[in-house]
Structure formats: C-alpha cells, structure tokens
Amino acid sequence: QVQLVESGGGLVQAGDSLRLSCAASGRTINRYSMAWFRQAPGKERECVAGINWSAASTYYADSVKGRFTISRDNAKKTGYLQMNSLKPEDTAVYYCAVSSRTAFRSTVITAEEDYDYWGQGTQVTVSS
C-alpha cells in the first residue's frame, strides 16, 4: 500500500506562485509514475502534469504548459508541482496520484483509471 499526502495549497492572487508537495509513505514509489490531477467545481478531473519513475519524461496539459513544473525526489519519496503565474482558472482541488502499474516505464501515462493510489487533495484558489 501507498499513502499519499498533499500539502502546499492555499489562497493566492493571480500571478502568484505555489509549490505543492506530495509525500509518500508505505511501499516505495521510486519505480512508478506520478501525476498531478485537478478538479474544479462542476468539471471532470483532469491530469495537469505527469512524470515517469526516473524523471526523464514529463507531461503537461496545454493549459499549464510553461507555467507548471513537475518534479520528484525519489530519495525523499516526494513529488512536487511548482505552479507559477497562477490564473483564476487554475482554481481547483489538486490531487497527486501514483500508478503501481507503471514500474520502470519510460513514458508518462495520463489516464485517471491507470492511477491506483491517490492523495486526499489540496485546495488551490486563485483570486483575480
């Protein structure tokens, strides 16, 4: 089993930055892909960024490309999402997720159904 705990969310103004963290405990996640999803009110959950086990491959949704950066520190079993130039449309609950089905995979998967471990979510609110 893997337990994931997100932190770093909050209320910020447009143009500000936030750094989300995702701390894992339990089984090692070093060999698995990790991703950040978000869900805004009335919308479906979407993958905004993903990273493979070695950090050699990353994925970004078009809406965050150039503003968000995903990273991971396997020694600390922690993943990060650096969010810059935040916009009101970035307001959502952000979830980190790990896929145990992706051991040593070179590419990033983005389908929600492929991720089997999820954190509880952290709220990010961006005011205009």
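**Exercise 1. Arg67 and its surroundings**

Task: In this predicted model, find which residues Arg67 touches, leaving out those up to four places away in sequence.

Solution, step by step:
- Start with the contacts. Arg67 touches Gln82, Met83, Asn84, Ser85, Leu86, Lys87 and Asp90, once residues up to four places away in sequence are set aside.
- Arg67 sits in the loop between β6 (58-60) and β7.
- Now look for polar partners. The side chains of Arg67 and Asp90 are joined by a polar contact of 2.7 Å. The Arg67 side chain also reaches the backbone oxygen of Ser63, at 2.8 Å.
- Finally, check the accessibility. Arg67 has 10% relative accessibility, and buried means under 20%, so Arg67 counts as buried.

**Exercise 2. The aromatic rings around Trp118**

Task: Find how many aromatic pairs the whole structure holds, then follow the rings that pair with Trp118.

Solution, step by step:
- Begin with the count. A search of the whole structure gives four aromatic pairs.
- Take Phe37 and Trp118. Their pair is tilted, with 4.8 Å centre to centre and 50° between the planes. Phe37 belongs to strand β4 (residues 33-39) and Trp118 to strand β10 (residues 117-118), so this pair ties together parts 81 residues apart in sequence.
- Move on to Tyr95 and Trp118. This pair is edge-to-face, at 6.5 Å centre to centre and 75° between the planes. It links distant parts of the chain, with Tyr95 in strand β9 and Trp118 in strand β10, 23 residues apart.
- Compare accessibilities. Phe37, at 1%, counts as buried; Tyr95, at 15%, counts as buried too. Trp118, at 24%, counts as partly exposed.
- Phe37, Tyr95, Tyr115 and Trp118 are linked by ring pairs into a cluster.
- The charged end of Arg45 sits over the Trp118 ring, 4.0 Å from its centre. Elsewhere, the charged end of Arg19 sits over the ring of Tyr80, 4.0 Å from its centre.

**Exercise 3. Val98**

Task: Decide whether Val98 is buried or exposed, and list what it contacts beyond its neighbours within four places in sequence.

Solution, step by step:
- Locate the residue. Val98 is part of strand β9 (residues 92-99).
- Judge the accessibility. Val98 has 1% relative accessibility, so Val98 counts as buried.
- List the contacts. Beyond its neighbours within four places in sequence, Val98 is in contact with Leu4, Ile29, Tyr32, Ser33, Met34, Tyr115, Asp116 and Tyr117.
- Finish with a distance. Val98 and Gly26 are 72 residues apart along the chain, and their C-alpha atoms are separated by 12 Å.

Note on methods: Residues are numbered from 1 along each chain as its sequence is written. This is a predicted model: local features need pLDDT of at least 70, side-chain atom pairs count only at pLDDT 80 or more; totals for chains, interfaces and linings use all residues. Side-chain values use heavy atoms; hydrogens and water are left out. Helices (H or I, at least four residues) and strands (E, at least two) are DSSP runs, numbered from the N terminus. Buried means under 20% relative accessible area, exposed over 50%, partly exposed in between (1.4 Å probe, protein chains only). A polar contact is a pair of N or O atoms within 3.5 Å; within protein, one must be able to donate a hydrogen and the other to accept it, and residues adjacent in sequence count only if both atoms are side-chain atoms. Contact means heavy atoms within 4.5 Å. Rings of Phe, Tyr and Trp (its six-membered ring) pair if their centres lie within 6.5 Å; planes under 30 degrees apart count as stacked, over 60 as edge-to-face and the rest as tilted. A charge sits over a ring if NZ of Lys or CZ of Arg is within 6 Å of the ring centre and within 35 degrees of the ring normal.
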